[in-house]
Amino acid sequence: MSYFVYAIKSEKDGRIYVGLSANPYKRLDEHNSGKTKSTKGFIPWTLIYIEEVDSRIAARVKEKYYKSGFGKEYLKALDLTHGPVVQRIE
């Protein structure tokens, strides 16, 4: 089963939220419908980054990285002119 690390950006104030999920598009819908306590005050959210990994453990490691200072800087620097950045496992 694949897992995904995803980053979403609030259109309200520009903050970035990083999470992991087996179904990131369903998870984005949950964020935007106010079902997630930590993000409901900053709706609407837009998907900016998604990375597929081969296990939940690998997803957790990537999630921790993207929540770190270096990871957040990487996410802030993404070129989003063509939509969200998608990374796939090889």
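How many helices and strands make up the secondary structure of the protein? There are three helices and four strands. Please keep in mind that this is a predicted model. Reading from the N terminus, the order of the elements is β-β-α-β-α-α-β. The radius of gyration is 12 Å, close to the 12 Å that the globule rule gives for 90 residues, so the protein is as compact as a globular protein of that length. The C-alpha trace spans about 35 × 25 × 25 Å along its principal axes.

Some totals next. Of the 90 residues, 36% count as buried. If we take contacts with a separation of 6 or more, 58% of them are between residues 24 or more positions apart. The accessible surface is about 5,700 Å², and carbon and sulfur atoms account for 53% of it.

Now the inside. In soluble globular proteins, nonpolar side chains tend to be buried together. Which residues have the most contacts inside the largest nonpolar core? That core has 14 residues, and the ones in question are Ala7, Ile16, Val18, Tyr49, Ala59, Tyr66 and Leu75. At least two residues of this core come from each of β1 (3-10), β2 (16-21), β3 (45-53) and α2 (56-67). Another core, of five residues, lies apart from it and includes Tyr6, Leu28, Trp45 and Leu47.

Take alanine 7 as an example. Setting aside neighbours within four places in sequence, alanine 7 is in contact with Ile16, Tyr17, Val18, Thr46, Leu47, Ile48, Tyr49 and Leu75.

On to the loops. Proline 44 sits in the loop between α1 (24-32) and β3. Is the peptide bond from isoleucine 43 to proline 44 cis or trans? It is cis, with omega near 5 degrees. For background, most peptide bonds are trans.

The other loop residue is glutamate 11, between β1 and β2. Is glutamate 11 buried or exposed? Its relative accessible area is 54%, and the cut-off for exposed is over 50%, so glutamate 11 is exposed. Glutamate 11 still touches Pro44, Trp45 and Thr46, not counting residues up to four places away in sequence. As for distance, glutamate 11 and histidine 82 are 71 residues apart in sequence and 17 Å apart in space, C-alpha to C-alpha.

That is the end of my part.

Note on methods:
Residues are numbered from 1 along each chain as its sequence is written. This is a predicted model: local features need pLDDT of at least 70, side-chain atom pairs count only at pLDDT 80 or more; totals for chains, interfaces and linings use all residues. Side-chain values use heavy atoms; hydrogens and water are left out. The radius of gyration is taken over C-alpha atoms; the globule rule is 2.2 Å times the number of residues to the power 0.38. Buried means under 20% relative accessible area, exposed over 50%, partly exposed in between (1.4 Å probe, protein chains only). Contact means heavy atoms within 4.5 Å. Accessible areas come from the Shrake-Rupley method with a 1.4 Å probe; for residues, only the protein chains shown count as cover. A nonpolar core is a set of buried Ala, Val, Leu, Ile, Met, Phe, Trp, Tyr and Cys residues joined through side-chain atoms within 4.5 Å.
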